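Biologist: Could you walk me through this one? I'd like to start with a pocket and then ask about confidence.

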Amino acid sequence: AYQKQQDTLIVWSEAENYDLALSFQEKAGCDEIWEKICQVQGKDPSVDITQDLVDESEEERFDDMSSPGLELPSCELSRLEEIAELVASSLPSPLRREKLALALENEGYIKKLLELFHVCEDLENIEGLHHLYEIIKGIFLLNRTALFEVMFSEECIMDVIGCLEYDPALSQPRKHREFLTKTAKFKEVIPISDPELKQKIHQTYRVQYIQDMVLPTPSVFEENMLSTLHSFIFFNKVEIVGMLQEDEKFLTDLFAQLTDEATDEEKRQELVNFLKEFCAFSQTLQPQNRDAFFKTLSNMGILPALEVILGMDDTQV
């Protein structure tokens, strides 16, 4: 199947695990080639895909639509391979993906899988851990917000990251949990009193880490299947900006310390780094909300703080 993405990209798959893409500098060039592809395929150029990603017969489609929900194997150590095969076989079909996602949601299956993860680690069952890696990676590709809410909860997220350490393609597991718990330290340059905000910041950092460092680089087609993950991070950042923007004491303290001559240079640098990241997060806001955001910062004293920042010697500022 050929697929047009982002107005300047045409992607297709020629063999199993072999994806190709054509990138165009101008939208017009992309549209011209797309029209020719659609002409050969006998498709309307106004569509963004020339055919279903999976060629299912009419009989298979009818069976999928009329059959009851997908039945999951019991969540046991001896059936991990079967579960991994079921997840992998469901991914190419939108209908089967939907049924698998619903079954996982309704049966609280993810938490059961994570319990098995602890068992496999305790037993040093590498084969089981490899199956769990494939299962959890497959669940990410289901692109389902309700599943992400379970996986990214405080209770589950570190175990999810743990499962993704055991990539069968690697001779040794990665040490992502060790990095997140021992190396990466959360530092409050200004104390955050709201526990919900603090939890949201922790969650966003970890989910961003999963996207950037833990998950394997997605193929062109998998990139579309991770759109909900990108949205999850995006809306978390919007929430964080909104919650900080409403905390007048926090912002007042931030700008007061930035402009206070008694603040030492190391502390001031930390405050500047936080302000830079805070403003970067604001790019997720809608234009009218972004205007309100900068108006709030102005009212709270960002301009005198910027004068101090511009007078600093540090070239990284």
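**The second largest pocket**

Modeller: In this predicted model, helix α10 contributes the most to the lining of the second largest pocket, giving seven residues.

Biologist: How much space lies in that pocket?

Modeller: The second largest pocket holds about 820 Å³ of space, and of the 28 residues lining it, those closest to its centre are Phe 186, Lys 187, Ile 201, Tyr 205 and Glu 277. The elements that each supply two or more residues to this lining are α9 (176–183), α10 (195–214), α12 (227–246) and α14 (265–281).

Biologist: How many of the lining residues are nonpolar, polar or charged?

Modeller: The lining divides into 16 nonpolar, five polar and seven charged residues.

Biologist: Switching to Thr 228: is it buried or exposed?

Modeller: Thr 228, which is found in helix α12, has a relative accessible area of 15%, and because this is under 20% the residue counts as buried. Setting aside neighbours within four places in sequence, Thr 228 is in contact with Asn 143, Arg 144, Thr 145 and Phe 148.

Biologist: Last topic: which element has the lowest mean pLDDT?

Modeller: That is helix α2 (residues 58–66), with a mean of 47, whereas helix α8 (residues 157–163) has the highest, at 98. Over residues 52–62 pLDDT stays under 50, and the model has twelve contacts beyond four places in sequence for that stretch. For the protein as a whole, the mean pLDDT is 86, with 89% of residues reaching 70 or more.

Note on methods:
Residues are numbered from 1 along each chain as its sequence is written. This is a predicted model: local features need pLDDT of at least 70, side-chain atom pairs count only at pLDDT 80 or more; totals for chains, interfaces and linings use all residues. Side-chain values use heavy atoms; hydrogens and water are left out. pLDDT is the predictor's confidence in each residue, from 0 to 100. Helices (H or I, at least four residues) and strands (E, at least two) are DSSP runs, numbered from the N terminus. Contact means heavy atoms within 4.5 Å. On a 1 Å grid over the protein atoms alone, a cavity is a set of points where a 1.4 Å probe fits but cannot get out, and a pocket is an open set with protein on both sides within 12 Å along at least five of seven lines; lining residues have an atom within 4 Å of a point. Grid points are joined across faces, edges and corners, and a volume is the space filled by probe spheres set on the points. Ala, Val, Leu, Ile, Met, Phe, Trp, Tyr, Cys and Pro count as nonpolar, Asp, Glu, Lys and Arg as charged, and the others, Gly among them, as polar. Buried means under 20% relative accessible area, exposed over 50%, partly exposed in between (1.4 Å probe, protein chains only).
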